[in-house]
Protein chains: 2
Amino acid sequence: MTAPQSSALVPQTVTEVLERLDAGADILPKRLKQCALFTRRHLHLIPVSTVSEMARASGVAPSAYMRFCQALGFSGYSEMQGLFKAQVTDFRPDYQDRLGNLRFQADVGTGQLLAEFAEAGHKSLLSLANSVTNEGLDRIARGMAQARVIHLIGLRRAYAVVSSMAYLLDKLEVPSSLHYASGMLNASGTIFEGDVVFAVSFAPFSPETIRLARESADRGIKVYGLTDSDNCPLNEFATEMLIAREDEVAGFRSLTASITLTTTLAVAIKAMQSSVD
Amino acid sequence: MTAPQSSALVPQTVTEVLERLDAGADILPKRLKQCALFTRRHLHLIPVSTVSEMARASGVAPSAYMRFCQALGFSGYSEMQGLFKAQVTDFRPDYQDRLGNLRFQADVGTGQLLAEFAEAGHKSLLSLANSVTNEGLDRIARGMAQARVIHLIGLRRAYAVVSSMAYLLDKLEVPSSLHYASGMLNASGTIFEGDVVFAVSFAPFSPETIRLARESADRGIKVYGLTDSDNCPLNEFATEMLIAREDEVAGFRSLTASITLTTTLAVAIKAMQSSVD
DNA sequence: TACGAAATGGAATATTTATTCTATTAATCC
DNA sequence: GGATTAATAGAATAAATATTCCATTTCGTA
C-alpha cells in the first residue's frame with residue numbers, strides 16, 4: 001500500500017523540487033536517477049509533456065517515471081505537473097497593488113522575502129525556456145554576429161540588462177556600444193549601415209528607447225528587441241523580438257530571465273563569430 | 001458539416017494563428033469572439049490548459065471553444081495546443097541518443113546554451129538561499145534603512161548589479177546615489193557621516209571599488225559589501241558582507257543570484273523604513 | 001553461486017479530457 | 001412577424017492519459 005497521505009511531504013514549490021532532485025541524485029536507483037538527471041535539465045518540459053513523453057525522453061518506462069514522481073513526494077505525475085503548470089497559470093497581481101502588498105510584506109522576515117524572490121527566479125527561468133525557441137534565438141545571434149557594431153539601448157529597469165551585456169561583449173571582444181541614459185540617446189548619428197541595434201524595453205516602455213530604435217529601423221538598420229510583454233511597441237518594426245517574462249514578488253521584479261537570456265545571447269554571438277573564422 | 005480536411009488551411013505557426021485571430025475578430029459570432037479576445041491575450045496558457053479551462057476562462061462552454069478552434073482552421077483543440085506545445089518542445093534534441101553525454105556535446109546549439117544558463121541560474125539561486133542567513137540579511141537591511149543616503153559602488157561585472165539596485169531604490173524613494181564608473185569614484189567627498197556605502201565587487205576585485213570603500217570605512221562610514229568569494233578584500237573592513245556565488249557555464253557567469261539578492265535587499269530596506277514610520 | 005530484496009517493464013485498469021451530437025435558443029431574411 | 005438558418009450549451013461518446021499491478025530481471029550480500 002503506497003501511502004501518499006501526508007500532504008506535508010508533498011513539495012509545494014519549484015525550489016523544493018530542485019532540492020529533492022539534488023538530494024536524491026545520489027541515493028536513487030539507476031532508472032530513477034536517469035529520470036532525475038533528465039528532469040533536472042528539462043524542467044520546462046514538465047507542464048507540456050505526458051508521463052510517457054517524459055519517460056521516453058528519460059529513457060525509462062512510464063511506470064518508472066511514475067515511481068520517480070512518487071519518490072519525490074508527489075502522489076503521481078499529475079500532481080507534480082500541476083505544480084509546474086501553476087507557474088504559467090498563476091495570476092499576477094496588478095501594478096497598483098504594490099504599496100499595499102509591500103506593507104503586507106513588512107512583517108514577514110527578510111529571509112522569507114529572499115526565498116520568495118528566489119522562487120520567482122526559478123519560475124522566471126522556467127518560463128524563459130518556454131517562450132524562447134531555439135530557432136528564434138539562433139537567428140538573432142546569427143544576425144547580431146554579422147554586425148559591424150552592436151548598439152545597446154535600454155533605460156530605467158532595462159539599463160542594468162544592457163550594461164551587463166555591454167560588459168560581457170567587451171570581454172568577448174565583440175564590438176559594441178552602450179548608449180547611456182538621457183541626452184546621449186540622440187546619438188543616432190553614430191549608428192551606421194551594417195550595425196545592429198539591440199533595444200531592451202519593459203512595460204511601461206520608455207519613449208526614448210522606442211524612438212531611437214524606430215529611427216534606426218527607418219534608416220534600414222536591423223533592430224532586435226527584448227521585452228517582457230506581447231504589446232511592446234518594438235514589435236512594430238523590430239526584425240525579431242525576444243520575450244523574457246519575470247515573475248514578481250509583491251509587485252517587484254528581478255531581472256533573472258532577462259539577464260540570463262542576454263548573457264546567453266552574448267556568448268552565442270561570440271560563438272558564431274568564432275565558428276565563421 | 002465543417003470540413004477540416006485540407007491540411008493546407010491549418011495554421012502552422014503562432015504568427016499565422018495571430019493573423020487569423022485578428023482577422024476573425026470582426027466576423028466571428030459573439031461567443032467565438034469572446035474566445036478570440038481572451039486567447040489573444042493569453043496565448044501562453046494554451047500549452048498548459050485543457051479545453052474546459054480555456055473555455056471557462058473565456059466565459060464560454062467547452063463546445064464553443066471547440067468550434068472556435070475549428071473556426072481558426074484546426075481540427076480541434078488538441079491540434080491547436082500541439083502547435084503551441086511545439087514552441088516549448090521545439091529545441092528538444094532527440095533525447096534517447098544524447099542521454100549519456102548531455103553535457104559533453106560538441107555541437108552545442110543556442111537553445112542548449114540557454115538551457116545551461118538557466119540551469120546555472122537554478123543552482124545559483126539554490127546556493128544563495130543556503131549561504132545567506134535570515135539574520136544577516138535582516139541586520140544589513142536594518143542598517144541600510146537608517147542611512148541618510150545609500151552610496152552604491154560597483155564596476156565591471158558588478159556595475160549592472162548596483163545600477164539595477166539604484167533604479168529600484170529610486171522608484172522606492174529610498175535616497176541613494178550611484179557612483180559611476182571611472183573618474184567619478186574619487187567622489188568620496190560626497191559621502192558624509194550617517195551615509196552608508198554598499199559596495200559590490202567580484203573576483204578579480206577592482207582596486208577602485210575597494211579603495212573608495214576603504215576610504216569610507218576609515219572615516220567611520222558603515223560599509224556593506226556583496227561579493228562572490230570568501231577572500232574579498234572588502235572583508236577586512238566591511239561592517240557586514242553578503243556572498244552570492246554564481247554558477248558558471250563555459251567560464252561565463254550570469255548575475256542571477258546577485259541581482260536577486262540586491263532586489264530583495266532593496267525591497268527589505270523600504271519595508272523597514274515603512275514599518276518605522 | 002545462491003538467496004532475498006529491490007527494481008524494472010509491460011500490460012490491465014481507472015481517470016481525465018477531447019470531441020461530437022442534439023435539443024434549444026437567438027439571429028436573419030423575406 | 002413568421003420561416004429559415006446559424007449559434008449555443010449541455011449531455012453522450014470517443015480518445016488519450018495516468019496509474020496500478022504483477023511477472024520477470026537485476027542487484028547486493030553472504
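**Ground rules**

I number residues from 1 along each chain as its sequence is written, and chains are lettered from A, ligands numbered from 1, in the order in which they are written. For this predicted model, local features need pLDDT of at least 70, side-chain atom pairs count only at pLDDT 80 or more, and totals for chains, interfaces and linings use all residues, while side-chain values use heavy atoms, with hydrogens and water left out.

**Entry 1: chain A overall**

I looked up the helices and strands first (DSSP runs numbered from the N terminus: helices are H or I with at least four residues, strands are E with at least two). Chain A has eleven helices and seven strands. I then checked burial (buried is under 20% relative accessible area, exposed over 50%, partly exposed in between, with a 1.4 Å probe and protein chains only). In chain A, 58% of the 277 residues count as buried.

**Entry 2: the sheet in chain B**

What is the strand order in the open sheet of chain B? I read it as E2-E1-E3-E4-E5, five strands with parallel pairing. Pairing here needs at least two DSSP bridges between two strands. E2 (176–179) and E5 (240–243) of chain B stand at the edges with a single partner strand each, so one side of each has no neighbour in the sheet. On average, neighbouring strands are turned by 20 degrees against each other, direction ignored. (Axes are lines fitted to C-alpha atoms, for helices over the stretch in contact, and angles between N-to-C directions run from 0 to 180 degrees.)

I zoomed in on E1 (residues 150–154) of chain B, which pairs with E2(B) over four bridges in the parallel sense. B:Leu152 stands opposite B:Leu178, and B:Ile153 has B:His179 as its bridge partner. Are the residues of E1(B) buried or exposed? B:Ile150, B:Leu152 and B:Gly154 point one way, B:His151 and B:Ile153 the other, and all are buried.

**Entry 3: the core**

A nonpolar core is a set of buried Ala, Val, Leu, Ile, Met, Phe, Trp, Tyr and Cys residues joined through side-chain atoms within 4.5 Å. The largest one has 95 residues, and B:Phe198 is among the members that touch the most others. Counting contacts (heavy atoms within 4.5 Å), I found that B:Phe198 touches residues including B:Met144, B:Ile150, B:Leu152 and B:Leu265.

**Entry 4: a buried aspartate**

A:Asp228 sits in the loop between E4 and E5 of chain A. At 13% relative accessibility, A:Asp228 counts as buried. A polar atom of its side chain lies 3.2 Å from the backbone nitrogen of A:Ala203. A:Arg157, A:Phe205 and A:Arg245 are among its contacts.

Most residues other than glycine have a negative phi, and most peptide bonds are trans. I found a cis bond between A:Ala203 and A:Pro204, with omega about -5 degrees. A:Pro204 lies in the loop between E3 and H10 of chain A. B:Ala203 and B:Pro204 are also joined by a cis bond.

I then noted B:Glu173, with a positive phi of about 60 degrees. At 67% relative accessibility, B:Glu173 counts as exposed.

Note on methods. A polar contact is a pair of N or O atoms within 3.5 Å; within protein, one must be able to donate a hydrogen and the other to accept it, and residues adjacent in sequence count only if both atoms are side-chain atoms. Lists of a residue's contacts leave out its neighbours within four places in sequence.
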